[in-house]
Amino acid sequence: MTVSLCLLASLPGVEWCACPSAAQAQSTRIVRDAAGRAVAVPVPVARVATLGPVPVLNSFILALGKGEAIVNGLPLFARSPRHKYQTIFAPTLAERPVIQGPGREPDLEVLLTLRPDVVLTMDRGMAESLERKGFAVLVLAWRNPEDVAATMLLLGTVFDREREARDYLDYTGRLLARVGDAVADVPDSRRPTVLFCSLKTMTQPHLIADWWIRQAGGISVTENGRHLESVLFSMEHVLKWNPDILIVSAPGEIDQVYRDTRMRTVKAVVNRQVYSIPAGAHPWGYRTVEQPLTVLWAFALMHPDKAGGLNVKAEMKTFYGRFFQYSLTDAQVEDMLSGIP
Amino acid sequence: MTAWDDSRRPAPSFVSRHRWAWGLSLVLAAASAASLMVGRYAVPPGDILGFFMALYAGGEGMDASRFQELHVLLLDVRLPRIVAAMLIGAALASSGTAFQALFMNPLVSPGLLGVLAGASFGAALAMVFFDHWLAVQVSAFLFGLIAVGLALGIAALYRANSLLILVLGGIISTGLFASLLSLVKFVADPYDQLPAIVMWLMGRLSNVDARTVTVLVVPLLAGMFALGLSAKYLNVLSMGDGEATALGVNVRRIRCVVIFWATLISALTVVMAGRIEWIGLVIPHVARFLVGPNNEILVPFSAVLGALFLLIVDNIARNLFPVEVPVGVVTELIGIPIFLFVLLKTRKEWA
């Protein structure tokens, strides 16, 4: 795509172009995606398609209040109770066509019909393939907490929602600082040991969990300087770690833990400290835009005596109202906190 | 020289005939005792000894909380895993040996007629649609049997009592269930169900529990015993169908018995620990290299060798790396070089 005039924007990695593209006679701006590629995207972006891990990609857009801009529906795997808040936050998703097959391959004909201004994906190969077919495609990636902030800023620029993106970052920073201050003086001996895991796979599935457990004032038993995304463990590891708190990936696994005689001596089981990770637009234990709430929830769980003015339920209503532009009911708050199968 | 030729000599005693298997069983017993001593949860050997003495004394002689702690660790976690590793290794090795003899082909493994493919599909299907551990195990077992039933059905369509047609049926059945497995993986939730399926297909002993082992130990031992009893007939079958029939052996019945029991125990290994490959192919070769081709000696020896092999591999998988590694992966990494070594040593026979 040819761009003749570009103005540097205030954000690093973003260039503005006040000229129409040769092909579409529409203003474009150049942004740099997570793969370091300079991509020309139209201004404004009114239609966006998400490809690959659709629910988590959608959650960023939903947090910018642009759910109606998503032109594709949820893929087959996400049409389950686990992802029900996607369509609660953006009801139009239920009627949109599916643009990817079970193997995440895009249905090009449907995608062409939808005429997205920009396509979001986490797969660079797919992005380059689609670009050769004329689509503007952004690669998004996040591994560390700061990557989530960079993604919000990038999407804030793309959707002309920079103020909202910065508001989100400010909010996140303030919330994390409040939790950080509250646990700063807690000695290691009073920090609970925590295992976040999926019993189905016997794994701690996400490196990020070590981070949010630490932020919330706990000690993740799987944090050992590893670089592997997930850690496979055995029942013997659980006995060795003997965590104070066990956080499982689905509510059904709580009962499974309590019924498993092999875990009957584990402190978390003895003290009835087994919980399911909450889930909203996306399960909170994963890398998600809802991560500040994960930290707050885990903090309230681990240090109820220090929670003070931080109220998880009230903060959830504030968070989803302010960023997702959705007023949660009390029942929905409870539903999210109980975890979703 | 086959065992059939040997039959004209005075028969050696049972103990003498199986001296290799007995000897290896002693090694297996020592290895299993040693395995009980090692793990992520460090316990001094003296404490383990003290625990078993206290267990014998009805819990007396040890602090109650320490006794409870070691009871969970040793009897609920470590012991079932050790027993499962030995049972699975023995089952896969003995069924592989029996299949290689039955099909007179050294490249045959227990999965030949589709049991592993069927069981894998069954497990994956239940993970996606039922999400209950018991359903996963039952479905894996049933579809393992269905897959072999399909292979036999295809062979029956041709009305030919031919091993070649049976192998063809196995290839078709394996292909069909492999495709169906791919289909299930396609529709599985990539956040939750797909990783569970992938882990299952890698083979793992990290979550084996005492209840599963208790339920499956009897059919697994029965199946291995039945294959052991069939071994002398497998020797006869190795001379060809015509010779075997002339010697009064009911070839069809022997085939059915061997296929039934080999299928049953192979499916049960998948129920217990997912899909563990290579043991059924490699161990029979190593065993044949060590004790010769007489199936009467080979089948029980393979079983003990398979048990020892998977026990050692599982010890490596659970202790050697900073994190747990799926035992199926380690089995392949170790089994393949051993297979190559045995092939090199026996290459003249193969040429």
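Colleague: Ser266(B) sits in helix H12 (residues 251-273) of chain B. Is Ser266(B) buried or exposed?

Modeller: This is a predicted model, where local features need pLDDT of at least 70, side-chain atom pairs count only at pLDDT 80 or more, and totals for chains, interfaces and linings use all residues. Side-chain values use heavy atoms, leaving out hydrogens and water, residues are numbered from 1 along each chain as its sequence is written, and chains are lettered from A and ligands numbered from 1 in the order written. Helices are DSSP runs of H or I, at least four residues, numbered from the N terminus. Buried means under 20% relative accessible area, exposed over 50% and partly exposed in between, with a 1.4 Å probe and protein chains only, so at 1% Ser266(B) is buried.

Colleague: Which residues does Ser266(B) contact, leaving aside neighbours within four places in sequence?

Modeller: Contact means heavy atoms within 4.5 Å. With those neighbours set aside, the partners of Ser266(B) are Ser95(B), Pro110(B), Val115(B) and Leu116(B).

Colleague: Ala298(A) is in helix H11 (residues 291-302) of chain A. What is its relative accessibility?

Modeller: Not counting residues up to four places away in sequence, Ala298(A) touches Trp212(A) and Ala216(A). Ala298(A) counts as buried because its relative accessibility is 0%.

Notes. Helices (H or I, at least four residues) and strands (E, at least two) are DSSP runs, numbered from the N terminus.
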